[in-house]
Amino acid sequence: MLKFLAIIVLAVITLLAIALQKAYTNIPRTELKRRAQRGDQFADLLYRAASYGLSLQIFMWAIIGLSAAGFFVMLTLSVPGWLALLGSLALLWFGFAWLPNTRVSKLSNLAARFLTPPIAWLLDHLYPLLNRIAHLLRKHTHIKVHSGLYEKEDLLALLDRQTSQAGNRLSAEELRIAAGALTFGDKLVRDVMTPRRIVKSVATTDAMGPHLMDELHASGHSRWPVYQDKPDNIVGMLYARDLMSAGNGGQVRDLMKKHVYYVHEEQSLSQVLGAFLKTKHHLFIVVNAFEEIVGIITIEDILEQILGKPIVDEFDKYDDMRAVAALGAKAEHKNQVPEETSADKP
């Protein structure tokens with residue numbers, strides 16, 4: 001009777017260990033951590049054990065191996081050896097071939113809920129030994145350990161943590177640009193475009209002169225849509241470089257470029273960036289589903305999303321090149337001044 005009871009107990013332990021192993025590995029560790037940070041108590045419980053990684057796997061495999069071996073030994077004491085072997089193979093088949101292919105059951109989750117605290121306690125105390133075994137396995141069996149990064153959100157979380165790392169050698173600007181490069185494609189044109197109501201456009205018949213130049217300069221752009229007869233009829237683009245080289249006299253139609261490109265407000269910024277690079281055009285007209293003009297988007301708008309800040313530098317403050325030259329001379333002088341050493345201090 002005791003032998004039969006021991007066989008049943010060992011079989012249950014074997015299957016339970018396999019079920020627990022599946023519960024811990026069914027969800028990636030990074031996802032478990034993310035859910036735990038969002039307040040999921042069960043994910044937090046599972047992560048207490050799953051966070052040990054390879055050490056947890058060694059521990060679970062040790063339990064599975066010992067319980068399966070004990071099951072076979074106890075079974076040989078009650079039945080012929082060949083029948084004990086068949087029984088052990090059936091147990092392992094049920095555990096590894098059928099059970100892992102099913103969804104995590106309520107029973108597995110219930111077992112994980114009650115058994116994870118003691119398992120986490122054992123892992124905490126056995127970690128020095130398990131970690132040494134894990135190190136030897138990585139060294140001699142070339143086990144490839146996954147980095148734990150599965151999605152873009154994982155990289156963003158890594159960049160966010162990097163700012164508080166003691167050995168961080170990445171500047172805040174570099175981290176901001178890296179995060180911007182990962183997320184700018186999630187935004188749509190309508191999120192960053194300049195709305196039509198504040199877009200400065202010019203008519204083909206507008207006369208070139210100081211008054212028009214002042215108005216265009218005040219708009220803050222270096223390219224402007226050109227319309228004919230009515231604002232919705234865009235027929236070209238006017239560039240600041242052409243405007244400056246033309247001087248006074250003539251009309252806008254004489255200087256405008258006739259190439260006009262359109263994008264939909266629901267397109268992603270990554271799609272539009274590809275269009276900018278392909279067309280070598282730096283301003284697109286934005287339309288909605290009814291083919292109505294709703295704004296404009298420039299390549300600077302996209303670059304600002306990647307850089308994480310407006311494209312404005314110190315030189316934009318100056319209209320006089322002599323002021324810019326003076327600023328450069330001041331910076332050069334600052335770089336040439338030797339740093340004060342401790343011996344120079346009073």
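## Cores and contacts

The largest nonpolar core has 26 residues, and those with the most contacts inside it are Leu20, Tyr24, Leu56, Met60, Ile119 and Leu123. Helix H1 (2–25), H3, helix H4 (54–76) and helix H6 (106–141) each supply at least two residues of this core. Take Leu56: setting aside residues up to four places away in sequence, Leu56 touches Tyr24, Ala49, Ala50, Ile119 and Leu123. There's also a second, separate core of 16 residues, and Leu269, Phe276, Phe284 and Ile302 are among its members.

Keep in mind that this is a predicted model. Zooming out, the protein has 14 helices and seven strands. Of its 346 residues, 32% are buried. The accessible surface comes to about 22400 Å², with 59% of that belonging to carbon and sulfur atoms. As for contacts between residues at least 6 apart in sequence, 62% join residues at least 24 apart.

Now back to H3. In this helix (residues 41–50), the buried residues are Phe42, Ala43, Leu45, Leu46, Ala49 and Ala50. They cover an arc of only 160 degrees around the axis, so they sit on the same side of H3.

Next up, the aromatics. The count comes to three aromatic pairs. The rings of Tyr261 and Phe284 have centres 6.0 Å apart and planes at 55 degrees; that angle falls between the 30 and 60 degree cut-offs, so the pair is tilted. This pair links distant parts of the chain: Tyr261 is in the loop between helix H11 (240–246) and strand E5 (262–264), while Phe284 is in strand E6 (residues 283–287), 23 residues apart. How exposed are the two partners? Tyr261 is partly exposed, with a relative accessible area of 30%, whereas Phe284 counts as buried at 2% relative accessibility. Phe284 also pairs with Phe276, and that pair is stacked, at 4.2 Å centre to centre with 15 degrees between the planes. Both Phe276 and Phe284 are buried. Put together, ring pairs link Tyr261, Phe276 and Phe284 into a cluster.

Arg223 lies in strand E3 (residues 223–227) and counts as buried at 9% relative accessibility. Ser268 lies in the loop between E5 and helix H12 (269–279), and Ser268 is buried too, with a relative accessible area of 13%. What do their side chains pair up with?

| Side chain | Partner side chain | Distance |
|---|---|---|
| Arg223 | His282 | 3.4 Å |
| Arg223 | Glu300 | 3.0 Å |
| Ser268 | Ser270 | 3.0 Å |

Leaving out neighbours within four places in sequence, Arg223 is in contact with Met237, Leu238, Tyr239, His282, Leu283, Thr298 and Glu300. With residues up to four places away left out as well, Ser268 touches Gly185, Lys187 and Leu188.

Conventions
Residues numbered from 1 in each chain as written. Predicted model: local features only at pLDDT ≥ 70, side-chain atom pairs only at ≥ 80, totals over all residues. Heavy atoms only, no water. Phe/Tyr/Trp six-rings, centres within 6.5 Å; stacked < 30°, edge-to-face > 60°. Helix = DSSP H or I, 4+ residues; strand = E, 2+ residues; numbered from the N terminus. Buried < 20%, exposed > 50% of the residue type's maximum accessible area, 1.4 Å probe, protein only. Contact = heavy atoms within 4.5 Å. Areas by Shrake-Rupley, 256 points an atom, 1.4 Å probe, with all protein chains shown as cover. Arc of directions from axis to C-beta. Polar contact = N/O pair within 3.5 Å; in protein donor to acceptor, adjacent residues only side chain to side chain. Core = buried A, V, L, I, M, F, W, Y, C linked by side-chain atoms within 4.5 Å.
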